[in-house]
Amino acid sequence: MTSTQTILVVEDEDSFVDAMQVGLKREGFRVEVARDGVEALEMFDSVQPDLILLDVMLPRISGIEVCRQIRKKSTVPIIMVTAKASEIDTVVGLEVGADDYVSKPYRLRELVARMRAVLRRAPDGGGSGDLHPDSIIVGDVALDPEEHRVVIRGDAAALPLKEFELLHLLLANAGRVLPRDTLIDRVWGTDYVGDTKTLDVHIKRLRSKVEDDPAQPTRIVTIRGLGYKYERPRS
Ligand code: CA
């Protein structure tokens, strides 16, 4: 059994703070609240939270900077909370080291599901067999960034570097649409000058490995006119 987990909620809007305190306590979490970025950094050391819910737009120090500062000293799970979907691209693009992202307005049920998923992946959560604690597990696909290993439906799969990096990005952002430009920038670099078809070719190769039927993908799905999304399994 797990003991009570402490969530540090970093949020300056009263309505969200109130909702989180009521909702998360009902889910069995202990809740501590920081009202701005400076307070968040101070409270991080004293509270030693199991997970941080971190609003992007904060007084004094932004959530992005808070995330950077905490990542210098801790691997604590961090879920960034964005006010607009467009902020997600910024957060993802900046590689600040967050574990997941949610956009306001979010449903408490969705948030708690993501929190539990991130907590399961956390080093103390266990349950991932011989995979490294930093592994990302989505459905029956697991990716271990430390050992550079992918396990698909229980079988180890050898992936070339770019395919591995692409899958890593997709899994780490499962459930979110990743724009084509973001994927190309993150995997091939901003100075990439090759054919944009390269992305599609790599997606096709990944599908042949992770999909049950690569001709009718249900995991790596195309979002027409935007990019690609790794579907979260229906639970
Ligand atoms: Ca805010």
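The following legends describe close-up views of a predicted model. Residues are numbered from 1 along each chain as its sequence is written, and side-chain values use heavy atoms, with hydrogens and water left out. Because the model is predicted, local features need pLDDT of at least 70 and side-chain atom pairs count only at pLDDT 80 or more, while totals for chains, interfaces and linings use all residues.

View 1. Strand S4 (residues 78-82) is joined to S5 by 4 bridges in the parallel sense, and Val81 has Val102 in S5 as its bridge partner.

**View 2. The crossing of helices H1 and H5.** The axes of H1 and helix H5 (residues 108-121) come within 11 Å and cross at roughly 60°. H1 and H5 are therefore oblique to each other; angles under 35 degrees count as roughly parallel, over 145 as roughly antiparallel, 65 to 115 as roughly perpendicular and the rest as oblique. The contact brings Met20, Gly23 and Leu24 of H1 together with Leu108, Leu111, Val112 and Met115 of H5. These residues divide into 6 nonpolar, 1 polar and no charged, with Ala, Val, Leu, Ile, Met, Phe, Trp, Tyr, Cys and Pro counted as nonpolar, Asp, Glu, Lys and Arg as charged, and the others, Gly among them, as polar.

**View 3. The protein donors of the calcium ion.** Asp12 (OD), Asp55 (OD) and Met57 (O) lie 2.1 to 2.3 Å from the ion. Donors are N, O and S atoms within 2.8 Å of the metal (3.2 Å for Na, K and Ca); water is not among the atoms, so the site may look incomplete. The donor residues are spaced D-x42-D-x1-M in sequence. Asp12, in the loop between S1 and H1, and Met57, in the loop between S3 and helix H3 (63-71), are 45 residues apart and link distant parts of the chain.

**View 4. Antiparallel pairing around strand S12.** Strand S12 (residues 227-230) pairs with strand S10 (residues 177-179) over 3 bridges, and Leu178 stands opposite Tyr228. Strand S11 (residues 220-223) is joined to S12 by 4 bridges, with Lys229 as the bridge partner of Val221. S11 and S12 form a hairpin with 3 residues between them, and Gly225 in the turn has a positive phi of about 80°.

**View 5. The packing of helices H7 and H8.** Helix H7 (residues 180-188) and helix H8 (residues 197-210) pack at about 85°, with their axes 10 Å apart, and are therefore roughly perpendicular to each other. Arg180, Leu183, Ile184 and Trp188 of H7 meet Thr198, Leu199, Asp200 and His202 of H8. By class, this contact has 4 nonpolar, 2 polar and 2 charged residues.

Notes: Two strands pair if DSSP finds at least two bridges between them. Helices (H or I, at least four residues) and strands (E, at least two) are DSSP runs, numbered from the N terminus. Axes are lines fitted to C-alpha atoms, for helices over the stretch in contact, and angles run from 0 to 180 degrees between N-to-C directions. Contact means heavy atoms within 4.5 Å.
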